[in-house]
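Keep the 3D view open as you read.

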Amino acid sequence: MFNYDDTHKFELISNFKPTGDQPQAIQKLVEGLRQNKKFQVLQGATGTGKTFTMANIINEVQKPTIIIVHNKTLANQLYSEMKTLFPKNRVEYFISNFDFYRPEAYMPKTDTYIEKEVVTNQEIEMMRASAVNSLLERRDCIVVCSVASIYSLTDPNEYKNLVFDLRVGETFNRKTVGSKLLEGQYERNDLSRDPGTFSIKGDRIEIRPCNNQNTSIRIELDFDEIASIEEIDNVTGEFLKSYTSYQVFPAYEHANSKEQIKPALQSIREELGKQLEYFEQANKPLEKERLKQRTLYDLAALEETGYCSGMENYSRHFDHRKPNETPYTIFDYFPKDYLMFIDESHVTFSQIRGMYFADRSRKQTLVDYGFRLPSALDNRPLTFDEFENKIVNVIATSATPGDYELEKANHEIVEQIIRPTGLLDPIIEVKSMVDNPVYDLLEEIKNNNKKNQRTLVITLTIDDAKNLYNFYKEKNIKCYYIQHEVKTLERTEIIYKLRKGIYDVLIGINLLREGLDIPEVSLIAILDADKEGFLRSQRSLIQIVGRAARNENGKVIMYANKVTESMDYCIKETKRRRTIQEEYNKQNNITPKTIVKEITEPIRIISQIAPDFAKKTEAKLSKTELKNLISSLTKQMNQAAKEMDFEKAANYRDMIFELKAEYNY
């Protein structure tokens, strides 16, 4: 019944070929995979094209691939790039499906119960289901994930059992097919054409697949026999393609069959009985009654509809897992020989390591006070040990690999230092902090301004940033400071103004967090560079220095009273890389040129919708203006997602949340 297609091959399509030291990096990493090395590290300097190297490795080894990154913005970028490089293959996107998520929690000290609040993004939900379905259908799959990939999913074998075939010429039983669609979490809707719905009208059945919002599958019947299966355009009804057979996948990655639900209900009742007895013996009548009422309500809903709010908390029973047994995840849907990339590994591994403990702490409180059964603890992310057991072959990529991945790779790294643009790592200069560096930096900024180039200043505290901003403003320097509380809309505007030259200087504590890649920046000043700690560690300093590598005149000034170990390592490593880059450019007659990056207008929705409000800095939006603004932002967010511009869509989404929070909407 289940048709798995392993005939499709990865086909990398690009006008570019690997250059610089990309070919040697690709060759070494591919050789390592063929030797079945479990752990490899690609240490790639900023701007050396690590993504293109990853794509070439995938094309070379022809293995289903998962790419895990630590945040959604990077996932958006990687997904878009891989879609461009592999247009004929299945490139999928798997991140958390929430636009807003407030987890269920209980605070005993104040006796405050916080109910789970979720705003589900249907676009992302559709793409998650598409990723799962593609993995069960073909080998030529690349799935770009956030750390949401370590959270539990349905047993893949159970999920496969919900897949069924429709074939031209075969008998079609409306009741049977309708039941199968409902089990696969499809909703019957004869009016809407939303993904994950179906309709039955006379001799015509339409199924709207979860992985496509633009087309539907139309099945025409001749009495009780399938006469035709056609793909049609949802808007025009135009015929697009015909099928002799069609596989119907579930609409939701957590789907469960009736056969799975029935024994689960009995198992839940048994656990409930044991937990009620425990509360009785512990003399906790409130917890006992609370758990009893809630669980019986959920059981009634599951028995009647096959669904209840918080259904994921009973996942252990549906999967027939034992307590503490490893949950199923997206990794279990991959073939056994899959390849894994961990991008920005120095951050991503740390995030994966910490997910389990934060989740466990919150849920244990819910269990202790009778809000959930103990089995809720098994609806969880993987522990780090469990995650390690999922690794077949992994390549960790980062400009600054962490100690964990270096140790796992026996400190053997594959370097990628040469930039296709020929740009060099910046020159680093150390200046004393004994004399007030503010005036010295002022002169450096003025000299940089004369060349029409921009400056980033990295301070150690928020107060330092504010004070420096006020001082330079008094000296007629066009500057601004940025910190974590700056909203998305404002941040976009600030960066645009910096690139355009409306601002010459941007001041902040940790500008790395803003994901700034600004070619116009040629000077970076690091104040208090000798204050050892997270913000002045080896890795942080190297990441900061890399921000100046987009400009041919890149320069970094470290203001310090002494040269620390972290500074010394950063200076020597940068000098080593620069020497190699200069030698390569000399041998290949390459002249470094600053990256040319289009300066696009920032999103100024408020001025478009409420121009009067935009002129009043102290004014507040009216309810009507706010409603219109949020409606417009939502439409543009959906349009950006439809066009696969997920970075822009994420910006719109953040703006909506910020507006709702500011106005208590």
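Predicted model: local features only at pLDDT ≥ 70, side-chain atom pairs only at ≥ 80, totals over all residues.

## Before we start

## A tilted pair

Phe-279 is buried, with a relative accessible area of 0%. These two form an aromatic pair: the centres sit 5.5 Å apart with 50° between the planes, which makes the pair tilted.

## An edge-to-face pair

Now for Phe-384 and Tyr-404. Their ring centres are 5.2 Å apart and their planes meet at 75°, so this pair is edge-to-face. Phe-384 belongs to helix H11 (residues 384–390) and Tyr-404 to helix H12 (residues 403–408), so the pair ties together parts 20 residues apart in sequence. Both Phe-384 and Tyr-404 are buried.

Phe-384 and Tyr-404 also belong to one aromatic cluster, along with Phe-39, Phe-331, Phe-334, Tyr-338, Phe-349 and Phe-387. The count of aromatic pairs comes to 25.

## How H1 meets H2

Helix H1 (residues 22–34) packs against helix H2 (residues 50–61) at about 45°, and their axes are 10 Å apart. The two are therefore oblique to each other, and their crossing is right-handed.

On the H1 side, the contact is made by Gln-22, Ala-25, Ile-26, Leu-29, Val-30, Leu-33 and Arg-34; H2 brings Phe-52, Thr-53, Asn-56, Ile-57, Glu-60 and Val-61. Sorted by class, that gives eight nonpolar, three polar and two charged residues.

How values were computed: Residues numbered from 1 in each chain as written. Heavy atoms only, no water. Axes fitted to C-alpha atoms, helices over the stretch in contact; angles between N-to-C directions. Helix = DSSP H or I, 4+ residues; strand = E, 2+ residues; numbered from the N terminus. Parallel < 35°, antiparallel > 145°, perpendicular 65-115°, else oblique. Left-handed = near helix turned anticlockwise from the far one by under 90°. Contact = heavy atoms within 4.5 Å. Nonpolar A, V, L, I, M, F, W, Y, C, P; charged D, E, K, R; others polar. Phe/Tyr/Trp six-rings, centres within 6.5 Å; stacked < 30°, edge-to-face > 60°. Buried < 20%, exposed > 50% of the residue type's maximum accessible area, 1.4 Å probe, protein only.
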